[in-house]
Amino acid sequence: MHSFRLIYKNYSNSIFLYHYPQANYFPQQNYVSPMQMDAGFNSGLDALSRCPSVFIKQRPDYLETLGLCEKKNAYFVYQSDSMGNKPDFKQQAPIFKCKEESSCWQRNCLPGACRGFDLKVKQYNERQDTNTVFRMSREYKCTFLCFGRPVMEVQLENGGKIGSIYYPFMCCDKGVDILDENDQIVYQIRGSCCQWPFLVNLPCETCQRARFDIIDSQGQKISELWKESAGFCNALCDVDATNFRLLFPPQSSSRQKALLLSAALFIDFNYFEESPQDKQNNQF
């Protein structure tokens with residue numbers, strides 16, 4: 001509930017009411033340090049239950065700009081505030097690190113929307129390798145129109161299924177369907193194809209942003225996912241680095257947040273990941 005100071009002034013028998021919001025009117029950032037998190041929970045999803053939103057930052061690989069070899073993708077997940085603002089990367093440690101496991105020939109010869117991969121999501125610790133919280137697995141699919149649509153399974157490390165991410169065939173819109181462990185649709189993510197990142201590759205930060213709506217099973221928009229700029233210099237040098245700002249829907253569970261996080265990474269592979277051959281073909 002917001003707090004207001006009420007001030008009454010009387011001029012010529014008229015009463016004026018002024019509303020002055022106090023300093024705590026705006027949402028406060030409430031970050032949780034990884035050192036404060038309990039390392040003994042079973043699934044590790046409790047870390048997500050504390051987050052109103054997350055900022056996903058892909059680790060840039062400047063050697064890929066030479067077009068010689070596509071490296072394994074790595075992402076860092078930071079806790080953000082309720083507005084999804086970009087965190088201070090120098091002062092705040094990530095809560096998760098996501099590392100891709102895939103074969104070299106698939107990364108360099110297949111487009112990102114087709115290649116198979118595994119993504120392990122681990123609690124971040126810069127000093128040692130930590131246990132995997134959950135993982136995403138997608139098999140190679142030869143996709144053509146509505147045939148052979150890719151599916152990514154999301155599982156706990158002990159094998160328990162969280163859900164899956166399905167890449168449906170759409171003529172114009174961009175997005176994915178999010179299914180729970182019973183293969184029931186819980187969310188849909190949709191974005192218009194008439195946005196700058198899907199039309200032309202420009203280095204300005206505004207032209208690198210794209211919005212995706214998060215829609216519930218009743219067809220109502222309840223939150224948003226934003227593809228953010230990785231910086232003017234990175235875009236100008238064609239550095240493969242994609243950032244996302246994910247605002248979780250209110251009352252979403254930790255499992256649903258894990259699925260939404262997985263969907264954001266799935267969208268990166270489908271729409272913003274290019275192999276060296278793709279980059280060479282786009283130049284002609």
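Lysine 72 is partly exposed in this predicted model, its relative accessible area being 32%. Its side chain meets that of glutamate 101 in a salt bridge, with an N to O distance of 3.2 Å. Because lysine 72 belongs to the loop between strand E3 (53–58) and strand E4 (74–80), while glutamate 101 lies in strand E5 (residues 96–101), the pair ties together parts that are 29 residues apart in sequence. Glutamate 101 is likewise classed as partly exposed, at a relative accessible area of 36%.

Side chains of opposite charge can pair when their charged atoms come close. Over the whole structure, a search finds 12 salt bridges. One of these joins glutamate 153 and lysine 161, with 3.8 Å from N to O. Glutamate 153 has a relative accessible area of 29% and is therefore partly exposed; lysine 161, at 27% relative accessibility, also counts as partly exposed.

A further salt bridge links lysine 221 with glutamate 224, whose closest N and O atoms are 2.7 Å apart. This pair belongs to a network in which salt bridges with shared partners connect Arg211, Asp213, Lys221 and Glu224.

Phe144, Leu145, Phe147 and Phe169 form a surface patch with about 450 Å² of accessible area together. Of these residues, phenylalanine 169 is placed in the loop between strand E9 (161–166) and strand E10 (174–180).

Terms used
Residues numbered from 1 in each chain as written. Predicted model: local features only at pLDDT ≥ 70, side-chain atom pairs only at ≥ 80, totals over all residues. Heavy atoms only, no water. Patch = residues over 30% accessible without salt bridge, like charges linked within 9 Å, V, L, I, M, F, W, Y side chains within 5 Å. Areas by Shrake-Rupley, 256 points an atom, 1.4 Å probe, with all protein chains shown as cover. Salt bridge = Lys/Arg side-chain N within 4 Å of Asp/Glu carboxyl O. Helix = DSSP H or I, 4+ residues; strand = E, 2+ residues; numbered from the N terminus. Buried < 20%, exposed > 50% of the residue type's maximum accessible area, 1.4 Å probe, protein only.
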